[in-house]
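Colleague: I would like to learn how to read pockets in a model. Please take me through them.

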Amino acid sequence: MKISLFYEFALPRPWTDDDEFQMFQDGLDEVEAADKAGFSTVWLTEHHFLEEYCHATAPEMFLAAASQRTKNIRLGFGVMHLPPGINHPARAAERVATLDHLSGGRVEFGTGESSSVAELGGFDIDPADKRAQWEEALEVTVRAMTETPFSGFKGEHISMPPRNIIPKPRQTPHPPLWVACTRPSSVQMAAQKGIGALSFAYTGPEALGERVRGYYEEFENAAAPSVPQMNPNILAIGGDLSMMVAKTDDEAVKRLGLGGGFFSFGIMHYYMTGMHTPGRTGVWDSYLDAVKEDETLAYGPGRGAIGGPETVREFLRGYEQSGVDEIILLLNPRSHEGTMESIEIMGSEILPEFIERDEVARAEKAKRLEPVLEKAEARRRPWAVPEFDESYSIGGLPTGRGGKFTASEIPEAMAEINEGRVKAAQALKDQQS
């Protein structure tokens with residue numbers, strides 16, 4: 001089992017002018033330390049308008065910065081929202097491919113639909129359309145990354161003419177593909193498509209084990225990929241997977257403070273029961289009030305990788321035994337200094353044994369999956385890709401409705417350039433005479 005980190009970049013109020021700046025700087029320091037410690041991947045979510053709960057609105061920016069301070073740790077979108085009103089598939093392909101080059105080919109491309117009222121409503125997306133939009137956008141994004149040129153697409157939600165999207169990713173044919181899965185049916189869908197499942201796990205390793213077995217059974221019996229490169233993996237993420245490691249259990253709980261349950265509380269607030277006035281509602285204050293009513297909302301040992309080395313080691317071994325390929329440990333609001341020490345302790349006292357066992361397990365898994373992947377390849381359902389019209393071309397000046405010319409800035413600029421050339425030539429001629 002690989003062990004990774006997950007950032008939401010929660011930022012409880014009250015805020016000072018420097019808080020967001022410091023949050024990102026602390027995060028970069030932590031990722032650099034995690035790279036040296038041996039964590040597998042740093043996963044960063046993408047959310048919009050979810051103040052206090054998540055300030056990770058441009059994950060590719062943070063991951064690009066992290067790529068320049070790290071060497072080995074992989075950089076995961078966990079996830080990029082693919083509805084085209086949030087991220088047009090051509091732009092998604094461009095950003096993922098650019099990050100892949102900046103990082104030397106370390107990108108993991110997690111995708112999702114978006115689920116909150118704040119986000120879907122903010123981008124004017126009908127919730128009834130979000131699965132269909134994700135389906136179309138996934139196809140267009142992957143094709144844009146792998147076709148030279150992209151030969152065009154016309155669907156219900158996306159229409160795009162032929163273009164050659166550049167750059168292409170460093171990883172060929174594309175970075176590993178994942179989809180966020182909150183329900184068992186979503187895990188099943190991921191297996192059917194032959195892509196990785198970013199599976200939320202709220203009920204412990206025993207229930208997760210059933211989900212892992214279900215994923216691989218579905219993959220073996222029903223995977224019919226359309227994406228060029230399959231990714232048979234399932235990882236676990238969830239509110240019960242916070243991390244804070246110290247020399248003792250008591251010290252770890254003290255350093256985590258009350259932040260351990262904020263992830264789950266934020267989900268309830270923004271996705272289910274909360275009513276939110278933008279720029280006004282105090283989410284953290286509401287959480288603190290809830291903790292006063294029920295202290296179990298703030299996690300301690302047994303509800304995450306929280307405690308001394310032996311406590312955390314045993315917690316992680318329980319998930320390893322579930323058969324999951326990777327576990328992502330969430331960084332809720334907490335002490336930055338405590339997190340840096342957590343990462344150091346993980347690297348020196350906990351990660352080495354998991355890394356060693358994972359190397360053996362991956363080799364065994366690759367051999368075991370050889371016939372499974374062959375069967376899945378035989379069931380492949382390729383996309384209906386239109387043939388590129390070699391006579392197709394683009395150029396000239398943009399025009400508006402009815403052929404009306406609307407882009408005068410370029411001709412005006414060219415006229416100024418030509419005028420400058422004429423003046424320069426005349427000045428040179430006068431100087432020579």
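Colleague: Which residues lie nearest the centre of the second largest pocket?

Modeller: Some ground rules come before the answer. This is a predicted model, where local features need pLDDT of at least 70, side-chain atom pairs count only at pLDDT 80 or more, and totals for chains, interfaces and linings use all residues. Residues are numbered from 1 along each chain as its sequence is written, and side-chain values use heavy atoms, with hydrogens and water left out.

Modeller: A pocket is found on a 1 Å grid over the protein atoms alone: it is an open set of points where a 1.4 Å probe fits, with protein on both sides within 12 Å along at least five of seven lines. Lining residues have an atom within 4 Å of a point. Here, Ser115, Ala180, Thr182, Phe200 and Tyr271 lie nearest the centre, in a lining of 32 residues.

Colleague: What is the volume of the second largest pocket?

Modeller: A volume is the space filled by probe spheres set on the points, with grid points joined across faces, edges and corners. For this pocket the volume is about 790 Å³.

Colleague: Which element gives the most to that lining?

Modeller: Helices (H or I, at least four residues) and strands (E, at least two) are DSSP runs, numbered from the N terminus. α9 gives the most, 6 residues. Elements supplying at least two include β3 (74–81) and α5 (130–146).

Colleague: And what lines the largest pocket?

Modeller: That pocket holds about 910 Å³ of space. Its lining has 35 residues, with Lys2, Pro232, Asn233, Asp325 and Lys365 nearest the centre. α12 contributes the largest share, 10 residues.
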